[in-house]
Amino acid sequence: MLKPGDPAPPFDLECALNGRIARCSLAKISTELALIFFYPRDFSFICPTEVAGFNSALKDFTAEDTAVVGVSIDDVDSHLRWARELGGIAYPLLADPDGTLARAYGVFDDDQKVALRATFVLDRKRKVVFSWSCPLNVGRSVPETLRIVRAIRTGQLCPADWKPGVEFGPSDRNF
Amino acid sequence: MDPADPAQKKQLFERLSSVREIVFGVQDGVLTTAGVLCGLSGAVSQHSQVALAALASTAAGALSMAAGAYLGAQAETEVLRAELDVVRADATARPYTLQEGLLDELWKEGLSREAAYRVVRLLSASPRALASTAEAKMFGLGGSMLGNPALDGLVMGVAFLVGALVPLLPYMLITVQRYDLGGALVATALTLFAVGYFEGWLAHRRDRWRPGLRFLAIAMSAAAAGYLIGLAISPLGATAG
């Protein structure tokens, strides 16, 4: 699994976006940060809480100049139907049917043949600044991901559970 | 009885769960008693002593089998009930776990992922429906598996008793030596064949004679072994007496 400092593997894949099939390329994402989250499957019972959760919080991520991208091994038709089932998803759901992208990020579960629940935040140079993975049966916290994004954007030393408004750590220290 | 009626079919399946006790009890009663008769006939010469010992063995066997069946069913029911409680509590507290597991099972059984998702989603409208389906599909558990220990014990005891009377009655009624044991063995053979045939009938088999012969072969082997063991230990009886 990629760790902070690693360059993010590029991608250019089909995706479902706003009810249509489109293409999504890392090179064409122009926001300061890019949040890429892998999830195991469409049409499951934990994934929609995350997929829909990121969609509900999309405005907050956009306000942080952060693009959100979801990836699973399902094909783009499945993504389209799944997004419709969830009431529409306004960020791209990438189709990675053979798991190439998941493998490139080191989050492909060879036993289950699905991507792990893994989250990456990439900086402007498209290097990993944050990476995290959860067991397949445990859903991620969208507010916590947003907190991380906000903390990263400060460029400051952020103590545990830092939130906007809370004091930063000493500016002459790196960690 | 209408075989297409699901309620009647369910009732039939519940009744069929007693078949194990009936078949086991009858078979054990017949075999044990025939074995005792053969063994004692080889070791003891007096007809009345053999009959008395076989009667005592029958009474002890019936009580022991009934108690064993009761205790076994009681333990099984308690363990199963505890497992079902855990699954049902999970369905309420962590429905995602059951939903995902059930979805996977349905998917593996050939439904598309999307169809399986919709089925599970519909079932999720009722935690009880979700739990009972998950119990059956994921864990192979079912409410109908919860037996009635008292009934199981009673059925087993009576079945053993009925089975034991099959060789015992001819043996007691026929007083002519040699024919007494022969009569008991013929009755035993016919009954065991009938039990096997009955099992084949319940299983809708066309070759019902096959399970009948299987029962018969096992019975004859056990009886022959019992007789040989009796012959082998008869010198010990002579020494002790």
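# Briefing on a predicted two-chain model

A:Val76 has its place in helix α3 of chain A, which covers residues 76–85; helices (H or I, at least four residues) and strands (E, at least two) are DSSP runs, numbered from the N terminus. This is a predicted model, in which local features need pLDDT of at least 70 and side-chain atom pairs count only at pLDDT 80 or more, while totals for chains, interfaces and linings use all residues. Residues are numbered from 1 along each chain as its sequence is written, and chains are lettered from A and ligands numbered from 1 in the order in which they are written.

**Chain A as a whole**

- The secondary structure of chain A consists of five helices and nine strands, and along the sequence these follow the pattern β-β-β-α-α-β-α-β-α-β-β-β-β-α.
- Of the 175 residues in chain A, 39% count as buried; a residue is buried if 20 or more other C-beta atoms, placed from the backbone, lie within 10 Å of its own, exposed if 12 or fewer, and partly exposed in between.
- Among the contacts in chain A with a separation of 6 or more, 64% come from residues 24 or more positions apart, where a contact means that the C-beta atoms of two residues, placed from the backbone, lie within 7 Å.

**The sheet and its helices**

- Seven strands of chain A form an open sheet in the order β2-β1-β5-β4-β3-β8-β9, with mixed pairing; two strands pair if DSSP finds at least two bridges between them.
- At the edges stand β2 (20–25) and β9 (128–134) of chain A, each with a single partner strand, so one side of each has no neighbour in the sheet.
- The twist from one strand to the next averages 25°.
- β3(A) and strand β4 (residues 66–72) of chain A run parallel and are joined by six bridges, and A:Ala34 stands opposite A:Ala67 in β4(A).
- Helix α3(A) lies across β1 (12–17), β2 and β5 (93–95) of chain A, at about 25° to β1(A); axes are lines fitted to C-alpha atoms, for helices over the stretch in contact, and angles run from 0 to 180 degrees between N-to-C directions.

**Two partly exposed residues**

- A:Val76 is partly exposed, because 19 other C-beta atoms lie within 10 Å.
- Leaving aside neighbours within four places in sequence, A:Val76 is in contact with A:Glu14, A:Cys15, A:Ala16, A:Ile21 and A:Ala95.
- A:Leu2, in the segment before β1 of chain A, also counts as partly exposed, with 18 C-beta neighbours inside 10 Å.
- Although A:Leu2 and A:Trp132 are 130 residues apart along the chain, their C-alpha atoms are separated by 9.2 Å.

**Nonpolar cores**

- The largest nonpolar core has 59 residues, and those with the most contacts inside it are A:Leu35, A:Phe38, A:Val69, A:Ala102 and A:Ala115; such a core is a set of buried Ala, Val, Leu, Ile, Met, Phe, Trp, Tyr and Cys residues joined through C-beta atoms within 7 Å.
- Strand β3 (residues 33–38) of chain A gives the most to this core, with five residues.
- Apart from this core lies another, of 36 residues, including B:Val36 and B:Tyr171.

**Where the chains meet**

- Eight residues of chain B are in contact with seven residues of chain A.
- On the side of chain B that touches chain A, α4 (95–108) and α5 (113–123) of chain B each supply at least two residues, and α4(B) gives the most, with five residues.
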